[in-house]
Amino acid sequence: MMRVSFIPTNLWDILVEFLQNLAQATFNHNEEVKVWQKTDRRGNSYWCAYDPKSGHSAHLGSEEEVMSWIERHYYF
């Protein structure tokens, strides 16, 4: 079945990601930092981090950068 959409693909992806994050924030009251890995359209991997206590988030290039981000946000 073909999906017909008048919304550009990149805008659609942004909307879907926003709604997923909103649903997760609404239903998941866990206050731990969340970290996940994503891949862009070119196949490059990067890391995302989100701190629900502060509302801060980041897109980072390596595990070391993630650890540094967590340390800055949790310990300062």
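**Stop 1: the second largest pocket**

Select α1 (9-27), β1 (34-39) and β2 (45-51): each supplies at least two residues of the lining of the second largest pocket. This is a predicted model, so read every stop as a feature of a prediction. Now show the lining itself: D13, I14, E17, K38, T39, D40, R41, Y46, C48 and H59. The volume of this pocket is about 160 Å³. Which element gives the largest share of the lining? Colour α1, which contributes three residues. Then colour the lining by residue class. Five of its residues are charged, three are nonpolar and two are polar.

**Stop 2: Y46**

Stay with the pocket and pick Y46, one of its lining residues. Y46 sits in strand β2. Setting aside residues up to four places away in sequence, Y46 touches W36, Q37, K38, T39, D40, H59 and L60. Among these, K38, T39, D40 and H59 also line the pocket. Y46 and G61 lie 15 residues apart in sequence, yet their C-alpha atoms are 4.9 Å apart.

**Stop 3**

In soluble globular proteins, nonpolar side chains tend to be buried together.

**Stop 4: W69**

What does W69 contact beyond its neighbours within four places in sequence? The list runs V33, A49, Y50, D51, H56, S57, A58 and L60.

**Stop 5: the whole chain**

Zoom out and switch to cartoon. The protein chain has two helices and three strands. Follow the chain along its sequence and the pattern reads α-β-β-β-α. Now switch to a surface. The protein chain exposes about 6400 Å², and carbon and sulfur atoms supply 57% of that area. Buried residues account for 14% of the 76 residues. Last, draw the contacts between residues at least 6 apart in sequence: 14% of them join residues at least 24 apart.

Terms used:
Residues are numbered from 1 along each chain as its sequence is written. This is a predicted model: local features need pLDDT of at least 70, side-chain atom pairs count only at pLDDT 80 or more; totals for chains, interfaces and linings use all residues. Side-chain values use heavy atoms; hydrogens and water are left out. On a 1 Å grid over the protein atoms alone, a cavity is a set of points where a 1.4 Å probe fits but cannot get out, and a pocket is an open set with protein on both sides within 12 Å along at least five of seven lines; lining residues have an atom within 4 Å of a point. Grid points are joined across faces, edges and corners, and a volume is the space filled by probe spheres set on the points. Helices (H or I, at least four residues) and strands (E, at least two) are DSSP runs, numbered from the N terminus. Ala, Val, Leu, Ile, Met, Phe, Trp, Tyr, Cys and Pro count as nonpolar, Asp, Glu, Lys and Arg as charged, and the others, Gly among them, as polar. Contact means heavy atoms within 4.5 Å. Buried means under 20% relative accessible area, exposed over 50%, partly exposed in between (1.4 Å probe, protein chains only). Accessible areas come from the Shrake-Rupley method with a 1.4 Å probe; for residues, only the protein chains shown count as cover.
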